[in-house]
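The sequence and structure are shown first.

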Amino acid sequence: MPLWTIHHTPGIFTDEEKHQLASHITDHYEQVGLPRFYVITLFHETRPEDFYVGGEPTPVGVRIVVDHIARRNPDRESRRRTAQWIKSMLQPHLERNAGLHWEFHVDETSDDLWMINGIAPPPAGSDAEKLWAESNSASPY
């Protein structure tokens with residue numbers, strides 16, 4: 001389950017841009033074999049007076065936390081590729097904002113601590129996971 005939590009000051013994203021970015025994020029994970037419903041993107045608008053960088057209010061800022069549970073990068077090089085993919089996907093949406101402070105990080109969490117609708121997801125690449133991807137929903141296996 002990739003969970004993207006995007007904290008941002010007002011005016012960074014329109015509703016349409018949020019939808020486009022969330023769809024683009026989901027498309028990527030689907031291309032690597034994850035069911036679309038594994039991908040959750042949350043946008044949290046934060047007032048500039050509540051968004052501090054270095055102890056100072058930030059008029060335009062974005063902070064993104066990505067939680068990866070369904071898959072983990074096996075080595076440093078694959079982690080670098082993941083970071084570059086995230087950067088390249090975000091840049092077009094963010095660099096058009098003058099003076100924007102933006103950053104992200106990715107946490108990789110054990111899939112032993114994850115359930116969807118009370119069901120532990122099937123093993124990666126298994127027939128059950130492929131069925132979940134095909135039906136785009138969780139079901140007992």
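This is a predicted model: local features need pLDDT of at least 70, side-chain atom pairs count only at pLDDT 80 or more; totals for chains, interfaces and linings use all residues.

## Helices against the sheet

Helix α1, residues 15-31, lies across strands β1, β2 and β5, and runs at about 155° to β1. Helix α2, formed by residues 76-94, lies across β1, β5 and β6, at about 145° to β6.

## The four-stranded sheet

The strands β2-β1-β5-β6, in that order, form an open sheet with mixed pairing. Its edges are β2 (40-45) and β6 (101-108), each of which pairs on one side only. From one strand to the next, the twist averages 10°.

Within this sheet, β1 (residues 2-8) pairs with β5 (residues 61-68) in the antiparallel sense, over seven bridges. One of the residue pairs involved is Trp4 with its bridge partner Val66 in β5.

## Overall organisation

The protein chain contains three helices and six strands. Along the principal axes, the C-alpha atoms fill a box of roughly 50 × 35 × 25 Å.

Of contacts between residues at least 6 apart in sequence, 71% join residues at least 24 apart. The chain has 141 residues, and buried residues make up 38% of them.

## Surface and charge

The protein chain exposes about 8100 Å², of which carbon and sulfur atoms supply 51%. Its charged side chains comprise 13 positive and 21 negative ones, and the centres of these two sets lie 5 Å apart.

Most residues other than glycine have a negative phi. Asn117 has a phi near 50°, a positive value in a residue other than glycine. Asn117 is located in the loop between β6 and α3 (127-135). With a relative accessible area of 69%, Asn117 is exposed.

Asn136 also has a positive phi, near 55°, and is likewise a residue other than glycine. Asn136 is placed in the segment after α3. Its relative accessibility is 39%, so Asn136 counts as partly exposed.

Technical notes
Residues are numbered from 1 along each chain as its sequence is written. Side-chain values use heavy atoms; hydrogens and water are left out. Helices (H or I, at least four residues) and strands (E, at least two) are DSSP runs, numbered from the N terminus. Buried means under 20% relative accessible area, exposed over 50%, partly exposed in between (1.4 Å probe, protein chains only). Contact means heavy atoms within 4.5 Å. Accessible areas come from the Shrake-Rupley method with a 1.4 Å probe; for residues, only the protein chains shown count as cover. Lys and Arg count as positive and Asp and Glu as negative; His and the chain ends are not counted. The place of a charge is taken as NZ of Lys, CZ of Arg, CG of Asp or CD of Glu. Two strands pair if DSSP finds at least two bridges between them. Axes are lines fitted to C-alpha atoms, for helices over the stretch in contact, and angles run from 0 to 180 degrees between N-to-C directions.
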